[in-house]
Amino acid sequence: QEDGRLELNLDMKKIKYRSDAQGIFPISTCATPCEPHQIKVRERDDTCCWKCRDCGRYQIKHDAFHCDDCKMGETPDPTHSRCEEIPEKYIDYRNAWAIGAMGFAALGMFTTVFVALVFWGYNDTPIIKAAGRELSYILLLGIFLSFSVTFVIVAEPDPFTCGLMRFFLGFCPALCYAAIVTKTNRIARIFHHKPGTSAPKTKYISPTSQMIIVGMLTAVEVLINIVWILWDPPQTTYIYPDRSTKLRICEGVDTYRYMVGVIYPLVLLVFCTIYAIQTRKCPGGFNETKYIAFTNYTIIIIWLAFVPLYLASTSNSIRVVTLAISMSLSGFVELACLFFPKIYIVLLKPEKNTKEVVMAPNRSSFATLSNSHGITNFGHHLPSSGNSFSRPHSSFCQSENGIVITATRSSSPAESC
C-alpha cells in the first residue's frame, strides 16, 4: 500500500481445502466442545485431543469423561443428567388378559350356582341322595371358590391380595378333594363291611360325621397355609423383563414357592383315586369310579401343562392368567365329571331317577362283591328278582341320609338296624 503496509488479497473462490467445504476455513484444533449430554473420549496418541460420544441408552453423564448406568427400574432423563423411576406396571381388572380370565371364571360361578339350585330342588330324589347331599354341597362350595379365586389372582398386587392368593391356591382344591375322599371312603367302608352279630356297626357314616371329617382334612391345609404365611409373610416385589419395563408382582409368584400350597391337595388326589378304585364294584348309583378317575387324570394333565408354561413364560400377564385359567379349568372338570351326569338324569332322564335304577347292580363285579361278603349301604330297596346272581334277603332301616340296606348271605332277613 502507499503507506508502506503490506496487504494480502486472496481470491477465496480459487482456494481449495481438503474438506469439500468451500469458503470455510478448517478449524485447527483436535478438541471441540461437547454437547451437555456427551462425554469426552481422549485420543490415544494425544491426550490433549478428544472426541465427543453419547452416553448409553440407560446411562447418565457422571462427569466430562465418564457415564454411569442407571439402576434397574430407572431410565435417564432426556439430557442424561439424572435417572428417573420407570412407571410400574401390573396386571389388574382393566387388563385384557384379566378380563378374559374373569369372564371364564364368572361362567363357572354361574354354572356352579345352577348345579347347586338343581341339587337343592331335587334334594330328596334317589340320585341326589346317593350322591351324598352334604358332601356334594361342600364340593360345590370348593368349586365355587376355585372360580372366585381368579378375581384375587388378577387383582392389583399388594400384601393382602398376595396373601389371599397364596391361601386359596391350595385351600380350594384341598376342600374339593377332602369332600371326594370322605365320600369315597365312606362308600368303601360301607360296602366292605361284614355284618354279623359280632361285627361292629360301620362308624362315622352320618352326615355330621362326614362333615367333621372334611373339616379335619381341610384344617390340615389351613394349618399349612397359616404356618407358611407367618414364616414367609406375603409381600410384593419387582421384576424387570427388560430395562424399560418394571413389573410389580407378588413375591414368589415367579418361582416354585407358590407350589408349596398344592402339595397337600395332591396327596388327597392320590387317596381319591385309591378309594375310587375300591368302590368300583358298588351299585351304579354309588359307583363314581370312572368319573373320579377321569377327573383326577384330567386335572393332573392340566397342572402338568400349567407348571412349565407358568415358569417358562416371560410375560407376567400370561403367567398370572395361566394360573387363574388353570384353577377355573379344574373347577369345570369337577363339575362336568361329578355333577353333570346327575344333572342330566334329574332334568332330562327322570325315569332313571328311581330307587331301582340307583341300586341297580354293577353287573358281575357287584355280584362278586355281594357273594364274597355282606353289603351295607345307604340307598333303596334292591329288586327281589330279575338278577343273574343269587341275592341275600335284605332288611331296611331309616337313617339321616335315606334308607340303609343291610344284606347277608343268610336265608332269613337280616336283623334290624
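Author: Let's start with helix 3 (residues 133–153) and helix 8 (residues 316–338), whose axes come within 9 Å and cross at roughly 160°. Axes here are lines fitted to C-alpha atoms, for helices over the stretch in contact, and angles run from 0 to 180 degrees between N-to-C directions. Helix 3 is therefore roughly antiparallel to helix 8, a label used for angles over 145 degrees. The crossing of these two helices is left-handed, meaning that the near helix is turned anticlockwise from the far one by less than a right angle. Helices are DSSP runs of H or I with at least four residues, strands are runs of E with at least two, and both are numbered from the N terminus.

This is a predicted model, in which local features need pLDDT of at least 70 and side-chain atom pairs count only at pLDDT 80 or more, while totals for chains, interfaces and linings use all residues. Residues are numbered from 1 along each chain as its sequence is written, and side-chain values use heavy atoms, with hydrogens and water left out.

Which residues meet where the two helices pack? On the helix 3 side they include Leu139, Ile143, Phe147 and Ile153, and among their counterparts in helix 8 are Val320, Met327, Gly331, Phe332 and Leu338. Contact means heavy atoms within 4.5 Å.

Now move to helix 7 (residues 289–312), where you will find Asn296. Asn296 counts as buried because its relative accessibility is 1%; buried means under 20% relative accessible area, exposed over 50%, and partly exposed in between, using a 1.4 Å probe and protein chains only. Leaving aside residues up to four places away in sequence, Asn296 touches Tyr177, Leu269, Cys272 and Thr273.

With a relative accessible area of 35%, Asp242 is partly exposed. The C-alpha atoms of Asp242 and Met72 are separated by 9.0 Å, although these residues are 170 residues apart along the chain.

Stepping back, the protein chain has 11 helices and 11 strands, and 45% of its 417 residues count as buried. Of the contacts in the protein chain with a separation of 6 or more, 65% come from residues 24 or more positions apart.

How values were computed:
Angles under 35 degrees count as roughly parallel, over 145 as roughly antiparallel, 65 to 115 as roughly perpendicular and the rest as oblique.
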